[in-house]
Amino acid sequence: MKRLDPLLPIVGVVGLIVVWYLAVWFQVVDPVLLPSPTNTFWAFWKGMNGGALGFDFLKTVQRTTISTLIAAAIAIPLGIFLGSSERLYRSVEFIIDFFRSTPASAMFPLFLVLFGVGDKTKISVAAFGALLVILFNVAYGVMNARKTRLLAAKVMGASRLRVLTDVMLLESLPQTFIGLRNGVSLALVIIVVAEMFIGSTDGLGHRVFEAQQLFEMPDMYAAIFAAGALGYGLNLLFLLVERRFVHWSGK
């Protein structure tokens, strides 16, 4: 297979910056509402180097990481257990799909009642949303494990536990990593939204909302850029780990 040029993604970044400069130059949007890329990147640089943005960035990373770890710790073993029996999974499929399809923001009032205003609510609702995505992918990964390998393991006398851990678990890893990548992205989205609206004093969501209220547009766009960079970085991290440990996928 022909390898793609790793520098290709830069083309899109350069194109976006050029369009941004043109929009500012021709005043497609009010200059007060759309600062230049230079002003935005300068605000980002100052904020990340000793400014409030760097602290808020780390708080969002912390909350997203904790919520994703909680979700993965529950969803992966539960997904393997449910996926090992299709009848068992089908019996709870409606509940999983129902809550997976429910917007996480609609769950804020419930979690506020349960945990009050604070980090527990933000982390819990993000973990809940990520858990369902990961669980769904893990279960389907187990159910779609290649029948030939399962049959070969059983013919060689492997116990049900060995089949589950040595065959089903490994066969489900590609789908599991898809779930993890989707889960961490969803957790980040929920955390940022929660930081905007659930009594936060820090975090990227709070930084975006506060800058918007104070009409500090460069700072607002800098915080949005930081959130986007964080999401991209987390997805890339999981992708690199997947390529390192699931290099046999599809073979």
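Glu86 has a relative accessibility of 46% and counts as partly exposed; buried means under 20% relative accessible area, exposed over 50%, and partly exposed in between, with a 1.4 Å probe and protein chains only. The model is predicted, so that local features need pLDDT of at least 70 and side-chain atom pairs count only at pLDDT 80 or more, while totals for chains, interfaces and linings use all residues. Residues are numbered from 1 along each chain as its sequence is written, and side-chain values use heavy atoms, with hydrogens and water left out.

**Overall build.** The protein chain holds ten helices and zero strands, and from the N terminus its elements run α-α-α-α-α-α-α-α-α-α. Helices (H or I, at least four residues) and strands (E, at least two) are DSSP runs, numbered from the N terminus. The chain has 251 residues, of which 38% count as buried. Among contacts (heavy atoms within 4.5 Å) with a separation of 6 or more, 73% are made by residues 24 or more positions apart. The chain exposes about 14,700 Å², with carbon and sulfur atoms supplying 70% of that area; accessible areas come from the Shrake-Rupley method with a 1.4 Å probe, and for residues only the protein chains shown count as cover.

**Helices α3 and α4.** Helix α3 spans residues 52-83 and helix α4 residues 86-101; their axes come within 7 Å and cross at roughly 125°. The two helices are therefore oblique to each other. The contact is made by Phe81, Leu82 and Gly83 on the side of α3, and by Glu86, Leu88, Tyr89, Val92 and Ile96 on the side of α4. These residues divide into six nonpolar, one polar and one charged. Axes are lines fitted to C-alpha atoms, for helices over the stretch in contact, and angles run from 0 to 180 degrees between N-to-C directions. Angles under 35 degrees count as roughly parallel, over 145 as roughly antiparallel, 65 to 115 as roughly perpendicular and the rest as oblique. Ala, Val, Leu, Ile, Met, Phe, Trp, Tyr, Cys and Pro count as nonpolar, Asp, Glu, Lys and Arg as charged, and the others, Gly among them, as polar.

Ile191 lies in helix α8 (residues 160-197) and counts as buried, at 0% relative accessibility. Apart from residues up to four places away in sequence, Ile191 touches Thr60, Arg63, Thr64, Ser67, Lys122, Ile123 and Ala126. Lys122 is 69 residues from Ile191 in sequence, yet their C-alpha atoms are 5.9 Å apart.

**Salt bridges.** Side chains of opposite charge can pair when their charged atoms come close. A salt bridge is a side-chain nitrogen of Lys or Arg within 4 Å of a carboxyl oxygen of Asp or Glu, and by this rule the count comes to nine. The table lists some of them.

| Pair | Closest N and O atoms |
|---|---|
| Arg207 and Asp56 | 2.7 Å |
| Glu86 and Arg90 | 3.2 Å |
| Arg90 and Glu93 | 2.9 Å |

Arg207 in helix α9 (residues 204-213) and Asp56 in helix α3 are 151 residues apart, and their pair links distant parts of the chain. Arg207 is buried, with a relative accessible area of 17%, and Asp56 is buried at 1%.

Within helix α4, Glu86 and Arg90 are four residues apart and therefore separated by about one helical turn. Arg90 and Glu93, three residues apart in helix α4, are likewise separated by about one helical turn. Arg90 is partly exposed at 36% relative accessibility, whereas Glu93 counts as buried at 18%.

Elsewhere, a network of salt bridges links Arg63, Asp119, Glu195 and Asp202; Arg63 is also one of the residues touched by Ile191.
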